[in-house]
Amino acid sequence: MADPESAEIYGNSSARQAILRLLNQTNSIRSVVLSGIGHVGKRTFLEQNLNEFLSESDLRFIEPTIDGVREAIEFLGSHPLFSPYRAVYIDDADSMGEPAQDAMLKVLEEPSSSSRIFLICEDSGVFSAPIRNRFEYEVRWIPLSDAEMHEFAQKQPRLDEDLIHLCRGRPGFYTTFLADNRYIELHRLCIRLLTGKEDPVLCRIPDLVSSTKGARSLERDALCHIIAGAAAELRVEPLARPGIQNFLRLASDLQKVPSLNAEIHWQKACLHLKR
Amino acid sequence: MPSLILITGEEELLKERAARDEASSSLITHVSEYTLPDELSDYLEEAQMRPLDGQPRAFILWDATEVPELPDGDDDILVVVAKKVIADKRARHVQNFQKLKTYDDNNEVLKWILKEGDSLNIDLSRVAGALFVNCGGGLRKISSEIRKLAVITPPGGVVSPDQARQVMCFSADLSPKTIIDAICEGQTVRALAFHDKLQESGDETGWILAYMQRHVLQQIRLEALVAAKVPDAAERLGVHPFLFRKMNFRLGLWSHSSLMSSISTLCDLDIAQKRGDTLARYGLEAEIIRLCEEARNGKRR
């Protein structure tokens with residue numbers, strides 16, 4: 001159900017209510033983790049509400065790096081100017097390296113009464129044990145149900161059943177797939193490759209794969225989602241079984257190591273389909 | 001009538017020497033040099049004024065694309081140095097210095113090194129190969145190394161590898177491509193030497209891995225395209241048809257299963273390296289050795 005206070009966010013109503021409750025209480029939990037799969041609206045929802053509760057000068061977005069954490073320490077060290085507390089939020093927090101996590105410990109150990117820290121991540125299990133132990137509250141987000149996805153899609157320029165199916169409960173991907181037809185084509189190509197209807201050696205490398213470069217982005221995540229989705233879709237197909245593992249591994253590698261060259265690893269996964 | 005000498009070609013050092021030799025062999029004391037097109041007007045101004053003492057003059061024009069107006073003095077010499085061949089009937093003689101070939105079976109640079117040593121009265125036969133590998137095909141760099149060797153070697157002496165090692169600087173343009181070439185030749189020691197040299201100034205494992213991955217993938221695709229007799233194979237491989245024909249010589253150097261195992265290993269090493277695993281470098285060395293050995297066996301077959 002859509003919440004009137006956060007008109008663009010669908011599903012995860014209990015998670016949203018929990019966050020709203022936390023934001024309303026001025027003297028309560030100081031470190032909160034929003035965990036769960038990406039592109040379901042965690043950051044959008046948090047940003048919308050933080051902006052509503054706090055003044056601009058008492059809120060800061062922090063990069064998941066050691067410099068970012070130092071900036072957070074400095075920012076939270078001062079008293080709030082116009083709000084009941086000061087808050088920082090870190091998106092993609094599970095990409096923080098060891099030094100950044102060590103620096104983060106300092107903030108989590110002795111948070112002042114007028115500070116709030118929000119970490120947004122896909123998997124809170126990747127944090128080091130001392131960090132995990134210091135989280136005061138974890139709000140889990142789950143993929144949207146079919147009904148919620150339909151509700152979301154109806155508000156978009158076009159309702160496409162295939163795309164809803166392809167998104168598998170992640171509304172963030174729906175708009176991306178709607179804007180770029182190449183994602184659907186890539187999905188079809190993956191299915192053809194996995195079922196042996198396309199030569200994996202001689203087929204041309206899709207544009208989407210060769211143009212995916214550099215750091216983690218929505219496009220890179222969408223690419224991984226499509227590849228993993230095609231493999232998952234064919235899990236009961238005996239013909240596709242040998243390739244499923246390759247494609248799942250490709251999607252996982254591309255997501256976990258953003259500096260990997262997608263084109264090279266795509267070709268490797270395709271070549272091994274022919275074995 | 002002034003003399004016109006045309007010197008063309010791509011070997012800059014040889015052109016430069018020939019031009020200066022021409023100017024000095026005429027025993028003219030007054031030699032003026034101009035770089036075209038910037039200094040063309042200066043040359044024309046100078047060339048049209050006869051000196052009061054009536055002495056002949058020599059003019060060297062660098063980077064010319066055509067022959068400008070000849071100088072006014074009857075005994076004057078004009079040496080025109082150009083990259084592309086210029087046809088001019090007035091030329092007294094024409095010299096063309098094409099890029100020296102560096103093929104395995106016909107390495108003109110090695111021959112030139114030996115000749116250069118002879119001209120300086122030193123024997124470079126034991127270090128010619130090392131000079132070529134260290135400096136690449138650039139004659140100017142090689143010449144500079146040879147001059148250093150000539151200073152420390154007594155006239156008529158043979159330059160030993162130990163002597164050379166003390167003074168030589170590594171300046172070849174090294175890239176992972178040189179490692180790939182050595183792998184294709186089955187030269188394990190050479191490939192590892194290039195690998196070590198490349199890693200000397202910093203960790204270049206990622207760069208080398210990327211080249212090797214591309215090479216192995218290209219090899220697998222090449223085999224598949226040739227087997228399927230695809231008409232536009234060169235285009236689909238993204239190379240010039242001439243290069244595609246040249247690449248066909250590499251067919252059969254590695255078995256299909258070996259290439260498949262290689263690409264798996266290289267991709268795993270790539271992931272390990274990007275996750276900060278320093279051991280990836282040793283895995284890469286092992287893969288270079290394996291591919292080299294197999295290429296050598298393939299060549300023997």
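This is a short talk on how the two chains above are built and where they meet.

Before I start, please keep in mind that what you see is a predicted model, in which local features need pLDDT of at least 70 and side-chain atom pairs count only at pLDDT 80 or more, while totals for chains, interfaces and linings use all residues. Residues are numbered from 1 along each chain as its sequence is written, and chains are lettered from A, with ligands numbered from 1, in the order in which they are written.

Let me begin with chain B, whose secondary structure comes to 13 helices and five strands; helices (H or I, at least four residues) and strands (E, at least two) are DSSP runs, numbered from the N terminus. Of the 301 residues in chain B, 27% are buried, where buried means that 20 or more other C-beta atoms lie within 10 Å of the residue's own, exposed means 12 or fewer, and partly exposed is in between, with C-beta atoms placed from the backbone. If we take the contacts in chain B between residues at least 6 apart in sequence, 65% of them join residues at least 24 apart, a contact being two residues whose C-beta atoms, placed from the backbone, lie within 7 Å.

In what order do the five strands of the open sheet in chain B stand? The order is E2-E3-E4-E1-E5, and the pairing is parallel; two strands pair if DSSP finds at least two bridges between them. Strand E2 (31-35) and strand E5 (91-97) of chain B stand at the edges with a single partner strand each, so one side of each has no neighbour in the sheet. From one strand to the next, the twist averages 15 degrees. E2(B) is joined to strand E3 (residues 58-64) of chain B by five bridges, and B:Val31 has B:Ala58 in E3(B) as its bridge partner. Helix H1 (residues 12-25) of chain B packs on this sheet, touching strand E1 (3-9), E2, E3, strand E4 (77-82) and E5 of chain B, and its direction makes about 175 degrees with that of E4(B); axes are lines fitted to C-alpha atoms, for helices over the stretch in contact, and angles run from 0 to 180 degrees between N-to-C directions.

B:Val81 is found in strand E4 of chain B, and because B:Val81 has 26 C-beta neighbours inside 10 Å, it counts as buried. Although B:Val81 and B:Ile5 are 76 residues apart in sequence, they are 8.5 Å apart in space, C-alpha to C-alpha. Leaving aside neighbours within four places in sequence, B:Val81 is in contact with residues including B:Ile7, B:Lys15, B:Ala19 and B:Trp62.

Now to chain A, where five strands form an open sheet in the order E2-E3-E4-E1-E5 with parallel pairing. Here the edge strands, each pairing on one side only, are strand E2 (59-62) and strand E5 (137-141) of chain A. Strand E3 (residues 86-90) of chain A is joined to strand E4 (residues 115-121) of chain A by five bridges, and A:Val88 stands opposite A:Ile117 in E4(A).

How do helix H3 (residues 66-76) and helix H4 (residues 98-109) of chain A cross? Their axes come within 8 Å and cross at roughly 10 degrees, and H3(A) and H4(A) are therefore roughly parallel to each other; angles under 35 degrees count as roughly parallel, over 145 as roughly antiparallel, 65 to 115 as roughly perpendicular and the rest as oblique. The residues of that contact divide into 10 nonpolar, no polar and two charged, where Ala, Val, Leu, Ile, Met, Phe, Trp, Tyr, Cys and Pro count as nonpolar, Asp, Glu, Lys and Arg as charged, and the others, Gly among them, as polar.

The contact between the chains takes 12 residues from chain A and 17 residues from chain B, and helix H13 (residues 262-271) of chain A gives the most to the chain A side, with five residues.
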